[in-house]
Amino acid sequence: MLEKLKLLLGIKDDSKDAILEFTLDRVEEIIKNYCNITEIPEELNTTVLSMAMELYRLENFGNEEGKKEVKSIQMGDTTTTFETSKDMDIAEELLKDYKTQLAPYRKVKW
(Lines give C-alpha, C1' and ligand atoms only; values in the text may rest on other atoms or scores of the structure.)
Protein backbone atom coordinates (compact mmCIF):
# COMPACT_ATOMS: atom_id res chain seq x y z
CA MET A 1 0.00 0.00 0.00
CA LEU A 2 2.96 2.32 0.67
CA GLU A 3 4.10 2.09 -2.96
CA LYS A 4 0.62 2.94 -4.24
CA LEU A 5 0.42 5.95 -1.91
CA LYS A 6 3.82 7.19 -3.09
CA LEU A 7 2.74 6.81 -6.70
CA LEU A 8 -0.53 8.69 -6.09
CA LEU A 9 1.28 11.54 -4.33
CA GLY A 10 4.01 11.70 -6.97
CA ILE A 11 6.81 10.82 -4.53
CA LYS A 12 9.65 9.06 -6.32
CA ASP A 13 12.24 8.48 -3.57
CA ASP A 14 12.23 6.80 -0.17
CA SER A 15 12.87 9.93 1.91
CA LYS A 16 9.26 10.20 3.12
CA ASP A 17 8.53 6.51 3.69
CA ALA A 18 8.34 6.84 7.50
CA ILE A 19 5.93 9.78 7.22
CA LEU A 20 3.77 7.92 4.69
CA GLU A 21 3.71 4.78 6.86
CA PHE A 22 2.64 6.90 9.83
CA THR A 23 -0.09 8.47 7.68
CA LEU A 24 -1.37 5.04 6.60
CA ASP A 25 -1.31 3.79 10.20
CA ARG A 26 -3.21 6.86 11.39
CA VAL A 27 -5.88 6.46 8.68
CA GLU A 28 -6.31 2.79 9.54
CA GLU A 29 -6.70 3.72 13.20
CA ILE A 30 -9.32 6.36 12.35
CA ILE A 31 -11.27 3.85 10.24
CA LYS A 32 -11.06 1.11 12.88
CA ASN A 33 -12.26 3.47 15.60
CA TYR A 34 -15.09 4.86 13.49
CA CYS A 35 -16.29 1.45 12.28
CA ASN A 36 -15.60 -0.38 15.57
CA ILE A 37 -13.61 -3.09 13.77
CA THR A 38 -10.21 -4.68 14.38
CA GLU A 39 -9.22 -5.40 10.77
CA ILE A 40 -9.58 -3.23 7.67
CA PRO A 41 -11.49 -5.14 4.95
CA GLU A 42 -9.74 -5.40 1.59
CA GLU A 43 -12.69 -3.60 -0.02
CA LEU A 44 -11.66 -0.43 1.84
CA ASN A 45 -8.09 -0.30 0.47
CA THR A 46 -8.91 2.47 -2.02
CA THR A 47 -10.68 4.43 0.70
CA VAL A 48 -7.62 4.06 2.95
CA LEU A 49 -5.40 5.39 0.15
CA SER A 50 -7.72 8.32 -0.58
CA MET A 51 -7.93 9.24 3.09
CA ALA A 52 -4.15 8.90 3.50
CA MET A 53 -3.55 11.28 0.59
CA GLU A 54 -5.94 13.79 2.10
CA LEU A 55 -4.47 13.45 5.61
CA TYR A 56 -0.91 13.86 4.26
CA ARG A 57 -1.93 17.09 2.56
CA LEU A 58 -4.02 18.37 5.51
CA GLU A 59 -1.37 17.79 8.15
CA ASN A 60 1.58 18.93 6.01
CA PHE A 61 3.75 16.21 7.59
CA GLY A 62 7.51 16.62 7.32
CA ASN A 63 7.45 20.42 7.33
CA GLU A 64 9.43 21.68 10.32
CA GLU A 65 7.81 25.12 10.18
CA GLY A 66 4.30 23.72 10.32
CA LYS A 67 1.31 25.18 8.54
CA LYS A 68 1.05 28.87 7.94
CA GLU A 69 -2.61 29.64 7.46
CA VAL A 70 -4.44 32.88 6.98
CA LYS A 71 -7.19 32.95 9.58
CA SER A 72 -8.61 36.41 8.94
CA ILE A 73 -8.35 39.21 6.42
CA GLN A 74 -9.09 42.84 7.14
CA MET A 75 -9.74 45.40 4.40
CA GLY A 76 -10.77 48.78 5.68
CA ASP A 77 -13.51 48.29 8.23
CA THR A 78 -14.44 44.79 6.98
CA THR A 79 -12.93 41.67 8.55
CA THR A 80 -13.43 38.14 7.21
CA THR A 81 -12.51 35.14 9.38
CA PHE A 82 -12.01 31.65 7.98
CA GLU A 83 -12.27 28.33 9.78
CA THR A 84 -9.00 26.43 9.64
CA SER A 85 -8.32 22.74 9.99
CA LYS A 86 -6.90 23.39 13.47
CA ASP A 87 -10.33 24.63 14.52
CA MET A 88 -11.83 21.23 13.65
CA ASP A 89 -10.82 17.76 14.75
CA ILE A 90 -8.71 16.29 11.93
CA ALA A 91 -10.33 12.85 12.21
CA GLU A 92 -13.83 14.35 11.92
CA GLU A 93 -12.77 16.54 9.01
CA LEU A 94 -11.27 13.54 7.26
CA LEU A 95 -14.26 11.27 7.94
CA LYS A 96 -16.90 13.70 6.65
CA ASP A 97 -16.16 12.86 3.01
CA TYR A 98 -15.87 9.10 3.55
CA LYS A 99 -18.77 8.21 5.84
CA THR A 100 -20.77 6.83 2.92
CA GLN A 101 -18.00 4.38 1.98
CA LEU A 102 -17.41 3.39 5.61
CA ALA A 103 -21.06 3.01 6.68
CA PRO A 104 -21.52 -0.58 5.40
CA TYR A 105 -18.55 -1.70 7.53
CA ARG A 106 -19.55 0.13 10.70
CA LYS A 107 -20.58 -2.10 13.62
CA VAL A 108 -22.65 -1.22 16.63
CA LYS A 109 -20.59 -0.95 19.80
CA TRP A 110 -22.25 -2.25 22.97
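## A tour around helix α3

Begin by selecting helix α2 (residues 17–35) together with α3, which pack at an angle of about 115 degrees with their axes 9 Å apart. What you have open is a predicted model, and in it α2 passes α3 in a right-handed crossing. Coloured by class, the contact of α2 with α3 has 12 nonpolar, one polar and three charged residues.

Next, select E59, whose place is in helix α3, the helix that covers residues 45–59. From the side chain of E59, look towards the side chain of R26, for a polar contact of 3.3 Å joins the two. Then select I90 as well, which is 31 residues from E59 in sequence, while their C-alpha atoms are 8.4 Å apart in space.

Now keep α3 in view and bring in helix α1 (residues 2–9), which packs with α3 at an angle of about 55 degrees, their axes being 10 Å apart. An angle of this value makes α1 oblique to α3, and α1 passes α3 in a right-handed crossing. Sorted by class, the contact of α1 with α3 has seven nonpolar and two charged residues, with no polar ones.

Definitions and conventions:
Residues numbered from 1 in each chain as written. Predicted model: local features only at pLDDT ≥ 70, side-chain atom pairs only at ≥ 80, totals over all residues. Heavy atoms only, no water. Helix = DSSP H or I, 4+ residues; strand = E, 2+ residues; numbered from the N terminus. Polar contact = N/O pair within 3.5 Å; in protein donor to acceptor, adjacent residues only side chain to side chain. Axes fitted to C-alpha atoms, helices over the stretch in contact; angles between N-to-C directions. Parallel < 35°, antiparallel > 145°, perpendicular 65-115°, else oblique. Left-handed = near helix turned anticlockwise from the far one by under 90°. Nonpolar A, V, L, I, M, F, W, Y, C, P; charged D, E, K, R; others polar.
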